[in-house]
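Please read the following report on a single protein chain alongside its sequence and coordinates.

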Amino acid sequence: MNNLDKTSTYHGTSDEYADDLLQGNVSVNLGGGELGQGFYLGTALYAAKAWAVQMHGCETVVEFQIDDNDFWDFDILSLTAAEAADQRGLIRHLNQTRTFKFSKDVVWSPIIGGPKVYSDQHKWESKKGESYLNGNKVIRLKR
C-alpha cells in the first residue's frame, strides 16, 4: 500500500499526549466534544494546529495516515452540517458532551463549533476503531 491509498487526518494536542498517541495509546473514552465522547480527528492540519494552540498553548499535531479501504470497512454515520448542529444542540441540552455516543465506529461531519473555518471531523467512538487507530496499519507522525 503506498501513501496515495492513505488519507491524512489530524489531532491537535499537547506535546506530552502526542508522545502517547505516537506509541498507539488512543482512547475513545477520554475525549469529549461537540458530538460527544470519542477521539476526534480533523481533515485540516490548520484546524488541528489552531485547536492545539487554543487548548494547550502549542502547535503540536499528530497526523494519522489511514488506509482508505480500511476506513470504509467501519460503521460510519455521516452527518450534514445541519444534522451535526442539531445533534450538538441535543447533546449540550442533555449535558452529555463527555459521554454521548451514537453507537457507531465513526461519526463524520463538518466541524460546526468555533470560528467559521471548513474542515470535516471524524469522531472515533468504538473499541474497534480505537484498536485500529492504535494498530500497526495506521501511520502516526508528529507534525
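## Basis of the description

This is a predicted model, in which local features need pLDDT of at least 70 and side-chain atom pairs count only at pLDDT 80 or more, while totals for chains, interfaces and linings use all residues. Residues are numbered from 1 along each chain as its sequence is written, and side-chain values use heavy atoms, with hydrogens and water left out.

## Overall fold

The protein chain has five helices and nine strands, where helices (H or I, at least four residues) and strands (E, at least two) are DSSP runs numbered from the N terminus. Read from the N terminus, the order of elements is β-α-β-β-β-α-β-α-β-α-β-β-α-β.

The C-alpha trace spans about 40 × 35 × 25 Å along its principal axes. Of the 143 residues, 46% count as buried, a term that means under 20% relative accessible area, with exposed meaning over 50% and partly exposed in between (1.4 Å probe, protein chains only). Among contacts (heavy atoms within 4.5 Å) with a separation of 6 or more, 75% join residues 24 or more positions apart. The accessible surface comes to about 7600 Å², of which 51% belongs to carbon and sulfur atoms; the areas come from the Shrake-Rupley method with a 1.4 Å probe, and for residues only the protein chains shown count as cover.

## Nonpolar cores

A nonpolar core is here a set of buried Ala, Val, Leu, Ile, Met, Phe, Trp, Tyr and Cys residues joined through side-chain atoms within 4.5 Å. The largest such core has 17 residues, and those with the most contacts inside it are Phe39, Leu41, Phe64, Ile66, Trp124, Tyr132 and Leu133. At least two residues of this core come from each of α1 (15–22), β4, β5 and α5, and β5 gives the most, with three residues. Apart from this core lies another, of nine residues, among them Leu79, Ala84, Phe100 and Ile112.

Leaving aside residues up to four places away in sequence, Trp124 touches a set of residues including Val28, Phe39, Leu41, Ile66, Phe71, Asp105, Tyr132 and Leu133.

## Helix α5

In helix α5 (residues 127–134), the buried residues are Gly129, Glu130, Tyr132 and Leu133. Seen down the axis of α5, these residues fall within an arc of 165°, so they line one face of the helix; the arc is that of the directions from the helix axis to the C-beta atoms. They pack against β4 (39–42), β5 (61–67), α3 (68–71), β8 (120–124) and β9 (139–142).

## Aromatic rings

Rings of Phe, Tyr and Trp (its six-membered ring) pair if their centres lie within 6.5 Å, and planes under 30 degrees apart count as stacked, over 60 as edge-to-face and the rest as tilted. The whole structure holds nine aromatic pairs. One of them joins Phe71 and Trp72 edge-to-face, at 5.3 Å centre to centre and 80° between the planes. Phe71 is buried, with a relative accessible area of 7%, whereas Trp72 is exposed, at 54%.

The ring centres of Phe100 and Phe102 are 4.9 Å apart and their planes stand at 85°, so this pair is edge-to-face. Phe100 is buried at 16% relative accessible area, and Phe102 counts as buried at 16%. One aromatic cluster is formed by Phe71, Trp72, Phe74, Trp108, Trp124 and Tyr132.

## Individual positions

The loop between α4 and β7 (106–110) holds Asn95, which has a positive phi of about 55° although it is not a glycine and is exposed, with a relative accessible area of 69%. Ser103 lies in the loop between α4 and β7; its phi is near 60°, a positive value in a residue other than glycine, and Ser103 counts as exposed at 66% relative accessibility.

Gln65 has its place in strand β5 and counts as buried at 11% relative accessibility. The C-alpha atoms of Gln65 and Leu141, 76 residues apart along the chain, are separated by 8.3 Å. Ala85, in helix α4 (residues 81–93), counts as partly exposed at 39% relative accessibility.
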